[in-house]
Amino acid sequence: MADTYVGSIDQGTTGTRFMVFDHSGQVVANAYEKHEQIYPEPGWVEHDPLEIWENTQEVVRRGLDEGGLEASQLEALGITNQRETTVVWDKETGKPVHNALVWQDRRTTDRVEEIQEAGKVEEIREKTGLECDAYFSATKTEWILQNAEPLKMQASRGEDLKDRAEAGELLMGTIDAWLIYNLTGNHITDVTNASRTMLYNIRDLEWDDELLDEFGVPESMVPEVRPSSDEEYYGTTDPDGFLGEEIPVAGALGDQQAALFGQTCFDEGDAKNTYGTGSFYLMNTGTEAVKSDHGLLTTIGFQMSGEPVQYALEGAIFITGAAIEWLEDVDLINNAAQTAELARSVDSTDGVYMVPAFTGLGAPHWDGRARGTIVGMTRGTRKEHIVRATLESIAYQTRDVAEAMEADSGVETTTLRVDGGAVKNNFLCQLQSDIIQTDIARPEVDETTALGSAYAAGLAVGYWDTVDELRDNWQVDREFSPEKDADEVDKLYSRWDDAVDRSLDWAKED
């Protein structure tokens, strides 16, 4: 009998990856495809949902083919996804009514400010654990229903999108729901993704009628909410579809919660930071939804079938890896790997600070009108200083969140588990350890978002029996300990605060 495996569809901000894992959590197949980033106006970011679905099918087929595997060897599929990114589609045809609005999109900042001025922020925070921000799905769905051009359908369906939504003709969801729908035909999301919409009450564990009404989202539009690891499955793939097999789709987690799961942070106080397009620092707070007083989000970490929800505190940093991409866009570097060499070539930034607030600032500042800023330049400033300042900005933003996390949780982090593409950069890992004065542990398998959703799906179908098996799989690739003096680092960090202040509230209305 052929060996069996678990597959993971990792649908991220810049592309879609398919990975296959064995019992030991090792990668046996891997394929990736980028998709287009669409910028209709400054601060607006969109993706084409149909391109994402086409790429998903392509990477699954290619990954299996290049790995020498048959679809029948997959015992389950898990999904992990860019969170908050929002799709609205026609229930009958399955066609999107508009491009997906990406989590980075800031077009609803005015609407958020209306809500803030109306004094509704605390109520939203209490119900959802979230800051009222354009980051989340609620205002994105509202914008699509109010502003997208209706699809040119049959004459009987020519009314505007709000009317069609009220009539039960439209569905909405984050990218996990869009993929589950296309894979299985069912309209389902998991608790972690539901918790990122700003429409879901994370304490009552249900869609909130008042929030749905506030943002004009009919309850018929929202997906059924299920555990992250679901023994009842979300559905199965169509045996007549692109895989030619009936495979259970049994696990889903938003990408950052998937990384928490993949890093085996199953116990209260366990923490990880993922360095991708942005960076996301999560700490498991157990079965208690800990309220933040320091600009963090209270969110759902994961839920296993038949078990209580596990909550987390989260520091969401919007731009980290994307700042390195920007260096490439403006021709300061040729590729991401070059950053370490350039940064090492100078002893310091010579007082240069870069605040990569390209889409506003997330935790703990929450300023949608902040913008990218470089301060402290002189005629002696070279690209090496700017590159180093960009890497330092990633570490400084993480320290902002780490200090808020310790203040809210009362737990001192002694070791931070890290993952994501940027942690392949040893210089950055050492820099991070120095700036937060904490040990950094990098695992052997650093694609922990994909691993986490595979674990969730595999547990649901019995491929793994217990989380202890998963803990045994986790292995350290390398650890980094602080090498710089704390006083020296504190002095540098104090000037970071000054630089952040200069970036705030920059994007004024005309």
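For the elements I took DSSP runs, numbered from the N terminus: helices are H or I with at least four residues, strands are E with at least two. This is a predicted model, so I kept the rule that local features need pLDDT of at least 70 and side-chain atom pairs 80 or more, while totals for chains, interfaces and linings use all residues. Residues are numbered from 1 along each chain as its sequence is written, and side-chain values use heavy atoms, with hydrogens and water left out.

Entry 1, backbone. Most residues other than glycine have a negative phi, and most peptide bonds are trans, so I looked for exceptions. M198 has a positive phi, near 70°, and sits in the loop between α7 (191-194) and β10 (200-201). Is M198 buried or exposed? M198 is buried, at 0% relative accessible area; buried means under 20%, exposed over 50%, partly exposed in between (1.4 Å probe, protein chains only). Q437 also has a positive phi, near 55°, in the loop between α13 (426-436) and β22 (439-443). Q437 is partly exposed, at 31%. I also found a cis peptide bond between A363 and P364, with omega about -5°; P364 is in the loop between β19 (353-355) and β20 (373-375).

I counted a nonpolar core as buried Ala, Val, Leu, Ile, Met, Phe, Trp, Tyr and Cys residues joined through side-chain atoms within 4.5 Å. The largest one has 159 residues, and F261 is among those with the most contacts inside it. Helix α12 (residues 383-409) gives the most to this core, 10 residues. Beyond four places in sequence, F261 is in contact (heavy atoms within 4.5 Å) with residues including L253, F302, Y455 and L470.

G462 follows α14 with a positive phi, near 85°.

A cavity here is a set of points on a 1 Å grid over the protein atoms alone where a 1.4 Å probe fits but cannot get out; lining residues have an atom within 4 Å of a point. Points are joined across faces, edges and corners, and volume is the space filled by probe spheres set on them. I get 5 cavities of 30 Å³ or more.

Technical notes
1 Å grid on protein atoms, 1.4 Å probe; cavity = no way out; pocket = protein on both sides within 12 Å on 5 of 7 lines; lining within 4 Å.
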